[in-house]
Each structure stands twice: as C-alpha cells, then as structure tokens.
Amino acid sequence: MASSLDHDMMARALRLAKRGLYTTDPNPRVGCVIVRNEEIVGEGFTSPAGGPHAEVNALSMAGEGARGATVYVTLEPCSHQGRTPPCSDALINAGVRRVVYAIADPNPLVNGAGAAALQAAGIKVSAGVMAAQARELNVGFFQRMSSGLPWVTVKVGASVDGKVALANGVSQWITGEESRADVQRQRARSSAIMTGSGTVLVDDPRLTIRAADIDMQGRTVLRVICDSSLKTSPTARLFKEPGAILIVTNSTDAQRIAQLTAAGAEVYPVAADDGGHADLAAVLKLLASRGCNELLVEAGPRLAGRLIELGLANELLIYMAPVVLGSAARSMFATTSIDTMAARWNFELHDVARTGNDMRVRLRPVKKED
C-alpha cells in the first residue's frame, strides 16, 4: 500500500513531468524523483526527443546518492533501446532499492517489460500511485499506443448562442484575448494542428505558436490541411512561417500538387470517403504513424462536424464568449440531421474554467456501454 510519502513524491514527479509539456513530443512527458532516507537526492524530467529520459536526468543529479534509494517515476521505466538506452538498465546499474511508478507504459515494446527487468534484478517495484493523473498528462501518447490514432481535440470559439461566425463568414474576434492566449498553450502542447481548406481561404491563418512565455526548445508543430480539391493557395500566410505543412487530399491534380509542393508543403494522397472528402480516419492513422500524439483541430463547422459524426473527436474544447450573434449566424457544427434523441451525440463535462470574460468548457464523449 502506498504511503503518504509515496503520494507526495509522485505528486512532485508529476509537477516535474509537466515541465516537459511543450518539449518532449513525440515522447511522453515523464518526471522522476529519487529519495534516500526520506530526502530528495535527485530529480528530473524528460528532455526533448533524442535527449535523456527523466530517470537518467534524475540519476545524474543523484550520483552515488541513488544507491539504495527509492525512485518515483510517472511512467514505467522503458526497457528497450531507442534513441537512448533503456532506463531500466540505468536504474539497475545505479543500485536503487525500490521503484514506484504511476502507470504502465502502453508502448508494446515496454508494457510490463520494464517492471519485469527491475524485479529480475532484485529491485522492489510498486505501481498505481496517481495513475489517473499520469495518464491524463499523456493522454495522446496512451491514445496513439492503444488505438493507432492521435488524441483529437476539436477547438471552437463560440458565442453563448453557439455561433462561430456571422452569416457572412466574419469570425474575428468572438472570444477575448485571454482565450486566444490559452489557445496558444493548447497549440504548443499539440503534435499537430489541423484545419480545412475553407478556413485557410477565409481566415488565412498562420497556425503557429505566438506566445513569448512558451519555450518549445526548437520543437515545431506540424500544420495539417484537409483539402479534397486542393483549393489552398500557394501564397497563403502559413507558407511564410517556419515548420512543416502537410496537405492531405484525394485530388490528383498534378499542377496544383506541384505548385503547393514548390511552396513548401508535403501533399499526401488519401482515399476519398463516401462524401468525396479525404478519409479522416486514414488521415488520423497517417498522423499517428508519424508520431502524432495530440491533434488540435481548428476548423470550420463542416470538418468539426464530420469528426463528431465519425466518432473521431476525443474532446471538444469550447471557448464561449458572453455575446449573442443571432439565429442567422453560423453554428459550431455542421452535421447530418437527426430525427430522434437517441441518435444524438452525448458528451460529458470534463472541466470548466474561466478565461478572462469567457468560459472554457472541455467535453468528452460519453462512453457507450457494451
């Protein structure tokens, strides 16, 4: 049974892990605390991809103090050789006595193997301390490892009557500065940002992270455009910003493909769905195969609605402003009509926060019972 010290040290390890919120992707955000005689001798969190993991950083700080110590880590120590050596080996070689981890690593290369390696070396292993918090911090990593899809957050800025733009398409700005600053943080933690060609044509967004207080240590976020007919202009503002651009399309227009490629985009062909649009499930699988953990969707009502209808939206992030735009304005989601309440899409309230004069609401789909 976990002690109060176990909970306190795991909470500290989780706070450390959060320091890698914007930098560790595609690796999970992990924190580690090393305790000997109830005193902290080392701590650390995962470096940007290719750098040392949390355990190695903590061991480096602890030095000989790690021998006979207890290690608290927010994810099961890895046991395979990737870009860095196995953390389980580092812990064994350091002579630690006990390892407490929050939750098992969902990576099939690790799951259970890290704990088994430690136990085989005579190290006492405990698991399950603050597991829910550790999973939430890496919700995208768990999603990708378990389903082969990224965690999809559909972000919407709306009026209190559920409108995202006037009838003429004007949408800037419904929400306030604090909400827009919060969106920058949501972008920064994401692996990719996705929008539709309609949004690019109307709003000409840059889809970049613009916040002086966010240090991503050189990491950039992939920008993805769903463009079934290749309407995106090669002169769009997003081409003038640093970072990779991926355009997914079911068009075979060689001239447009050449123009967009010359502008700096990777144009990737995907199959069309029944409606003639790029197959969104195939797009998500592609992104996951490239290490995308968290996908932030900032798109118009049609793309957002399709993700809901297909059951591909893991969460809705709605910034609601205390304004009314009227019945003629455009609604948040364009979906097919439903005739019964039983056919509705049900969500549960995950959290609510105030952002300036707006309200941020995070909703997640209600899990269907078998």
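Modeller: Here is the sheet, strand by strand, followed by its surroundings.

The model is predicted, so local features need pLDDT of at least 70 and side-chain atom pairs count only at pLDDT 80 or more, while totals for chains, interfaces and linings use all residues. Residues are numbered from 1 along each chain as its sequence is written, and side-chain values use heavy atoms, with hydrogens and water left out.

Nine strands make up an open sheet, in the order 11-10-9-8-12-6-13-16-15, with mixed pairing. The edges are strand 11 (265-269) and strand 15 (347-355), each pairing on one side only. Neighbouring strands are turned by 25° against each other on average, direction ignored. Some terms: strands (E, at least two residues) and helices (H or I, at least four) are DSSP runs numbered from the N terminus. Two strands pair if DSSP finds at least two bridges between them. Axes are lines fitted to C-alpha atoms, for helices over the stretch in contact, and angles run from 0 to 180 degrees between N-to-C directions.

Helix 10 (residues 280-289) packs on this sheet. The helix touches strand 6 (151-159), strand 8 (192-196), strand 9 (222-226), strand 10 (245-249), strand 11 and strand 12 (294-297). Its direction makes about 150° with that of strand 10. Contact here means heavy atoms within 4.5 Å.

Take strand 12 next. Strand 6 joins it through four bridges, running parallel. Threonine 153 stands opposite leucine 296 there. Strand 8 also pairs with strand 12 in the parallel sense, over three bridges. In that pairing, methionine 194 faces valine 297. Glu294 and Leu296 point one way from strand 12, Leu295 and Val297 the other, and all are buried. Buried means under 20% relative accessible area, exposed over 50%, and partly exposed in between (1.4 Å probe, protein chains only). In a regular strand the side chains alternate between the two faces of the sheet.

Helix 6 (residues 139-147) has buried residues Val139, Gly140, Phe141, Phe142, Gln143 and Arg144. They pack against helix 5 (131-137), strand 6, helix 10 and strand 12. Glycine 148 follows helix 6, with a positive phi near 75°.

Strand 15 and strand 16 run antiparallel, joined by eight bridges. Valine 352 stands opposite valine 361 in strand 16. Asparagine 357 sits in the loop between strand 15 and strand 16. Asparagine 357 counts as exposed because its relative accessibility is 54%. Its C-alpha lies 8.6 Å from that of serine 179, 178 residues apart along the chain.

Methionine 359 belongs to strand 16 (residues 358-365). It counts as partly exposed because its relative accessibility is 37%. Leu349, Val352 and Met359 form a nonpolar surface patch with about 270 Å² of accessible area together. Patch members have over 30% relative accessible area and no salt bridge; like charges are joined within 9 Å, nonpolar side chains (Val, Leu, Ile, Met, Phe, Trp, Tyr) within 5 Å. A salt bridge is a side-chain nitrogen of Lys or Arg within 4 Å of a carboxyl oxygen of Asp or Glu. Areas come from the Shrake-Rupley method with a 1.4 Å probe, and for residues only the protein chains shown count as cover.

Last, leucine 325 is in the loop between strand 13 (315-321) and strand 14 (330-331). Leaving aside neighbours within four places in sequence, leucine 325 contacts Ser159, Asp161, Lys163, Ala165, Leu166 and Ile174.
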